[in-house]
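Please read the following account with the sequence and the model side by side.

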Amino acid sequence: MIEVKEIRKRYRRRDVLNGVSFTAAKGEITCLIGTNGAGKSTILKAIMGLTPVSGGTIHIDGKTLIPELYEKISFVPDHLRMPASMKLSEALRFMADFYDSWNEKRADELMKFFRLEHSFKIGSLSKGTAAKFSLVLGLGQDSDYLLLDEPFSGIDLFSREAITEVFTSDLIEHRGVLLTTHEIGDMEHLIDKAVLLKDGVVSQSFQCEEMRSEEGKSVIDVMREVYRA
Amino acid sequence: MNRYLKLVHMEIHRFRWILIALMGITAICQSSGLIWTLKKAMAQLEEQKIQGADMRKYFDSVPDTLNFEWAMFSTQMWFILPILLCIAVLSLYVFFIWYRDWMGRHTFIYRLLMLPTARRNLFLAKITALLLFVFSIVAFQLIMLPVQELVLKLVVPVELRSESHIVDVININQALVELIPRQFEQFFYIYGLGTIVVLMFFTAILLERSYQRMGILYGILYLAGCALVVAAPLLYFGLDSSIIPLYPMEIYVLVLFLLSVVAAVSVWLGSRLLAKKITV
Amino acid sequence: MRHYWFSVGLVLLTVSGIGTYYFVGNQNHLPEFQIETVQGDAKEGAAVVLSGSYYGDMRSESLEVSIKGSKYYNEKVNFRTDILHANSWFYEDLEMQQLLQDHKTFMRGKDNVNGFYRDHEMVIYADLSTSTRYTNAPKGKLQLSYLYEETGKVVRFKSIGMGHSEDIYAIEDVQRVENEMHILFRKESNQKTYEMVYVFDMKTGKQLRQVDVSSQANEVRGSEVQLTNFQNDSRSSASNTVFFVGSIGNGEDGKAFYYSYSYLTGVLSELEEPLWEGRFLVDSLQNELLYYAEIDPNVVTLSVYNTKTKERKRSYAAVTAEQLDVDEIKAAIIKSGRVYLYLLDHAGNSGAAVLDLEDGKLLFKGFAAPVNGNKLTEEEQQENLHLLNMNINQKLEN
């Protein structure tokens with residue numbers, strides 16, 4: 001379980017995060033929802049140790065972040081973050097070289113599924129293709145947790161469909177997934193838990209299934225309540 | 001250790017074309033300059049023979065026998081310019097080796113920071129790679145010298161040439177005499193000092209990357225602080241010191257010690273910044 | 001593994017390139033020389049150092065040659081030697097070496113040879129405080145330290161005012177006369193130099209009186225005499241008299257006068273006869289005995305003058321170039337009971353001879369010669385060797 005407790009972050013005199021707490025469990029898909037600039041990406045980066053926090057704690061399976069844990073968590077950032085001149089095959093080899101938890105077979109299968117050529121150069125990929133390859137890099141690891149930052153933003157419909165298909169497959173099943181988005185749209189039926197961020201704190205956090213059955217509200221309904229108010 | 005070596009290899013791999021280009025430019029520029037000078041000299045020798053001995057007074061005369069030392073003396077610029085290019089490129093790369101990971105949309109630093117290896121290894125891999133680039137270019141130049149001597153032997157017929165020692169060849173060139181010191185002990189001091197300076201700059205760069213706007217100021221302060229610490233024994237503890245006068249041997253040992261401290265602190269601080277303070 | 005070949009190759013290139021140069025390539029660059037003993041005891045010649053250059057094809061290399069061998073300047077120098085040789089002229093003085101061996105802590109930070117005084121009881125060091133030493137700062141501050149040898153006790157006086165003055169002071173001699181300390185200063189004021197003795201109370205460090213030595217000379221002569229202190233070889237030894245050479249006017253037509261000053265009486269007296277005569281002299285004052293050697297390419301003549309008894313032994317010993325079997329005697333240095341001669345033999349090679357100061361007996365003779373085995377023939381090496389100077393480098397024996 002990913003446990004985030006009371007994390008704070010200041011950026012240029014603005015309290016971006018003001019005591020954010022939530023959990024994301026293994027086997028569940030948790031979605032961090034918030035408006036643009038709400039700090040969703042920052043939370044993911046903080047969990048991944050890519051940015052420091054000024055207060056609070058982050059624990060993954062009870063441990064604080066140490067380099068070894070990177071074998072167990074993969075991060076799919078909003079952009080591909082690989083050198084433009086690198087070929088896809090070289091990027092895959094990079095991952096294989098450095099991660100013990102890299103599953104080469106699965107990576108190849110995903111490449112075929114997404115119809116990506118090994119000889120393509122990173123710089124020449126379209127946004128949709130890059131997003132797919134990003135996912136390959138993330139899913140190619142036998143990790144327990146998968147963090148995704150805006151996986152669908154700016155992606156064309158067909159790429160989106162392909163990615164959604166992966167989400168429902170067994171590739172995701174046993175992992176804990178934490179993703180961020182500001183447009184819940186067609187993702188709603190995928191997620192198990194929603195965490196709504198407003199003004200630097202968690203405004204609401206609930207299991208989607210329960211919310212629907214007990215209060216008859218969809219995630220979008222709750223969002224309207226929180227953000228329109 | 002394994003991942004550290006792989007990171008070193010990755011840094012080398014990314015730079016390989018530039019390194020090869022630098023070596024190639026050096027080889028071509030120096031060798032062609034050499035051949036051109038030799039051919040000109042041989043033509044002039046012919047002229048001098050025909051015109052007789054008094055012509056010597058009017059030309060920059062060419063000696064009766066050509067050797068590599070004389071050739072190096074007469075071809076200085078062709079040798080020095082590629083060396084200056086290498087120095088410029090490597091100096092820029094001290095900064096670029098870090099900043100390239102933050103540039104553009106494909107900020108590779110994300111991937112590097114997420115690797116399951118101590119962040120210290122990122123720092124150490126970059127310094128190792130940079131040092132290797134510097135030393136490999138020095139080694140390449142050293143290997144080129146006997147090769148160029150061979151070129152001289154091929155161009156100049158045996159009756160017109162004489163031997164010279166490689167140390168004389170190096171000493172007659174104004175750049176090489178500084179970059180390739182005569183004693184290995186001095187080589188250690190010069191390049192050791194250079195390494196420590198690069199470490200200081202690396203840490204200053206990481207300070208800049210960790211603290212946004214204040215970062216540049218912290219970086220500059222850090223550099224100034226380190227310089228002061230190392231210069232202190234020489235400035236303040238010499239024979240006429242009013243604080244505590246030290247004997248020369250003591251100053252030497254103290255300076256070495258402080259340099260090691262500055263190096264260690266830079267590595268430690270840089271690694272800590274990468275681990276705890278860096279932000280992407 | 002195969003895709004690491006570039007990195008591994010790079011490392012191999014680096015190690016082999018640099019390693020081969022420093023451990024193979026730069027060997028046997030310059031020929032070795034040494035002073036070969038032709039006659040006498042090699043130990044006597046141990047302190048002789050001949051320096052000059054070795055001429056290469058296009059450049060010359062500075063070197064030093066001694067009995068132990070040759071040292072080329074460029075091959076000897078690095079950052080460490082630069083630091084260690086700061087103030088080497090101070091550390092090369094035999095007396096300073098002895099003091100350093102005896103009292104390392106006391107000697108810390110002291111660098112003026114002229115400021116020492118040593119007798120069987122104590123060591124005194126006087127110097128001008130660092131912050132005002134070479135400046136025009138008024139009120140130059142004097143620092144005194146005493147070390148009592150038996151007890152090891154150290155007494156310090158930190159800043160003794162020199163009086164209001166815009167002048168520059170340099171310490172030339174320190175002497176103890178019972179409970180008073182006399183310090184001879186050379187004072188520079190308005191572009192003129194004066195010799196002054198300041199007397200201090202040893203117990204309290206207070207200034208007792210001043211003696212204007214220069215004005216005494218001016219009075220006797222009726223015009224301004226420029227005095228130059230004539231130093232005893234052993235700077236720190238106890239001696240109640242100090243000598244001066246005075247001149248009026250400049251250049252060749254300036255006449256020279258000789259004076260002695262007694263710390264006991266505070267009186268500067270002009271000497272009736274000059275301390276020495278002859279041209280091209282080398283001298284050495286060893287307590288009350290003034291030894292001097294006249295040098296000429298063919299002969300060196302030794303004389304001694306006892307400043308106390310006024311007894312003079314002119315030319316008590318003479319050594320000719322012929323006796324030494326050389327072409328020319330080029331220079332001489334008198335040091336520690338020996339006369340060192342710089343010679344040029346019939347083949348034009350440089351060498352040295354060592355004579356006993358007391359009787360002129362030849363103790364050592366040697367010439368610089370190549371040490372075997374090099375690409376050039378020995379003749380060519382010898383031809384390229386141009387030695388110009390002789391220095392005497394003495395080391396404390398343990």
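The paragraphs below turn to domains and then to helix packing.

This is a predicted model, in which local features need pLDDT of at least 70 and side-chain atom pairs count only at pLDDT 80 or more, while totals for chains, interfaces and linings use all residues. Residues are numbered from 1 along each chain as its sequence is written, chains are lettered from A and ligands numbered from 1 in the order in which they are written, and side-chain values use heavy atoms, with hydrogens and water left out.

Chain B is assigned a domain 1 (1-180) and a domain 2 (182-280); such bounds come from an automatic or database domain assignment. Taken over C-alpha atoms, the centres of these two domains of chain B lie 29 Å apart. Their contact (heavy atoms within 4.5 Å) draws on 26 residues of domain 1 and 23 residues of domain 2. The size of an interface is often given as the accessible area lost when the parts come together. Here, domain 1 and domain 2 of chain B bury about 2,200 Å², with 78% from carbon and sulfur atoms; buried area is the accessible area (1.4 Å probe) that two parts lose on being put together, summed over both. On the side of domain 1 of chain B, B:Trp98, B:Trp102 and B:Phe123 supply 28% of the area buried against domain 2, more than any other three residues.

Chain C is also divided, into domain 1 (30-84 + 287-398) and domain 2 (112-234 + 238-276). Eight residues of domain 1 of chain C touch nine residues of domain 2. The area buried between these domains of chain C is about 780 Å², 50% of it on carbon and sulfur atoms. In domain 1 of chain C, the residues that lose the most area to domain 2 are C:Asn287, C:Leu290 and C:Arg312, together 51% of what that side buries.

Helix H1 (residues 2-51) of chain B packs on helix H5 (residues 119-155) of chain B at an angle of about 25°, their axes 8 Å apart. Axes are lines fitted to C-alpha atoms over the stretch in contact, and angles run from 0 to 180 degrees between N-to-C directions. H1(B) and H5(B) are therefore roughly parallel, a term for angles under 35 degrees.

Helix H8 (residues 184-210) of chain B and helix H9 (residues 212-236) of chain B pack at about 160°, with axes 6 Å apart. H8(B) and H9(B) are therefore roughly antiparallel, the term for angles over 145 degrees.

Methods. Helices (H or I, at least four residues) and strands (E, at least two) are DSSP runs, numbered from the N terminus. Angles under 35 degrees count as roughly parallel, over 145 as roughly antiparallel, 65 to 115 as roughly perpendicular and the rest as oblique.
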